[in-house]
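Dear colleague,

I am handing over the structure that we talked about, and below it you will find some notes on what turned up in it. Please keep the model open while you read.

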Amino acid sequence: LPLLLEVTLLQLASGSHHHYNGFYYNHIMNDKGNGQEKVVYFNEVKLVVETPKDPVYSSNGANVTLPCHYRYEPDLEAKHKIRIKWSKLRDDYTKEQDVLVAIGKTIVAFGDFRGRAHLRHPGRHEASLVISDVRLQDDGKYRCEVIDGLEDESNVVDLRLQGIVFPYQPPRGQYRLNFHEAKRACQDQGAILATFNQLFQAWSEGLDWCNAGWLADGTVQYPIRLPRKPCGGLHLAPGIRSYGPRHQHLHRFDAFCFSSGLRGEVFYLDHPARMTLEEAKQSCQDVGAEIARVGQLYSAWKFLGLDRCDAGWLADGSVRYPIVKPRANCGPEEPGVRSFGFPSKGRFGVFCYKER
């Protein structure tokens, strides 16, 4: 891009946009006579930005469109040079991440959205954002901002990934992870730290877990469906128990991870004599796959209906198996991913993952 245009785009991304938009206006002194100015619009044209009230759902690896349209009240036939800016918000709206800025036919995407974000068929009153190859961290709220000179209006779209939240603790035991270690642990399992909204959704779908875990915002919380004495007490109603923000280096808890749909398949391998962990890893490689991660097994159980009553190794050294239809000799009466922990010895089958 020419240097001048790039500087203009960066100024727009940072919120510096003061351009005349063709509306007729007049500067007049205010009644207090203190020299401050206000603007009166003679034609009383209003810019309106519209986005869907309901969340837009997608999954890992998919393409998604975040609808956004703008209009004028009353409608204008004259064409204006519109600036469009998309940004991603934190849950508390305190910070924004630049996603895309468009000036006319020139479009620039930023950061992780480079090469993945563009506008849908730019046309009259169209500002919808298309994100390709959706990633786990794309989940969240997005602001669609339309700038017409001095007129600047915006609205928000909520993008939610269809996924699953699962509790995770490392091989060395309970409450061993600070915030940064919890973040890495989830990434190692093909997942990310869950947000509060994702944990709340999981709780509403039945997740009940008495161990406290880190969330993406640095708070520590845990979901309780059945109140009991060791989990906050019998007197508290069901809900999300919160320890609030914790020291991200000093305090140690488990983690709540979030995983979405898979781009491949998880399958089970076995040998007559079963396998050690190292033999299991090699067996997956021998069939052109890799040993599955915990997040991949949870996703396969949740979204692909993987049901196997045979325990198998996973990449972190744990042994687990997924049950969709509970039955005798396959664990509890509820569906779920069963865990044997992290056995130092023993021979088992293995769950492998292969990209499509």
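How many salt bridges does a search of the whole structure find? The search finds 18, where a salt bridge is a side-chain nitrogen of Lys or Arg within 4 Å of a carboxyl oxygen of Asp or Glu. Please bear in mind that this is a predicted model, in which local features need pLDDT of at least 70 and side-chain atom pairs count only at pLDDT 80 or more, while totals for chains, interfaces and linings use all residues. Residues are numbered from 1 along each chain as its sequence is written, and side-chain values use heavy atoms, with hydrogens and water left out.

One of these salt bridges joins the side chains of arginine 252 and glutamate 181 (2.6 Å, N to O), and it links distant parts of the chain, since arginine 252 sits in the loop between strands E18 (239-245) and E19 (254-260), whereas glutamate 181, 71 residues away, belongs to helix H2 (residues 179-188). Helices (H or I, at least four residues) and strands (E, at least two) are DSSP runs, numbered from the N terminus. Arginine 252, at 35% relative accessibility, counts as partly exposed; buried means under 20% relative accessible area, exposed over 50%, and partly exposed in between (1.4 Å probe, protein chains only). Another salt bridge brings together arginine 320 and aspartate 316 (3.8 Å, N to O), and both of these residues are buried. Salt bridges with shared partners also join Glu50, Arg71 and Glu73 into one network.

Arg71 and Glu73 lead us to strand E6 (residues 69-73), whose uncovered face carries them together with His69, while Tyr70 and Tyr72 make up the covered face. In a regular strand the side chains alternate between the two faces of the sheet. E6 pairs with strand E3 (residues 46-50) in the antiparallel sense over five bridges, where two strands count as paired if DSSP finds at least two bridges between them, and the bridge partner of valine 48 is arginine 71.

Finally, please look at helix H4 (residues 277-286), in which Ala280, Ser283 and Cys284 are buried. Seen down the axis of H4, the buried residues fall within an arc of 95° (taken from the directions from the helix axis to the C-beta atoms), so they line one face of the helix. The face turned away from that buried side carries the exposed residues Glu278, Gln285 and Asp286. Just after H4, glycine 288 takes a positive phi of about 75°.
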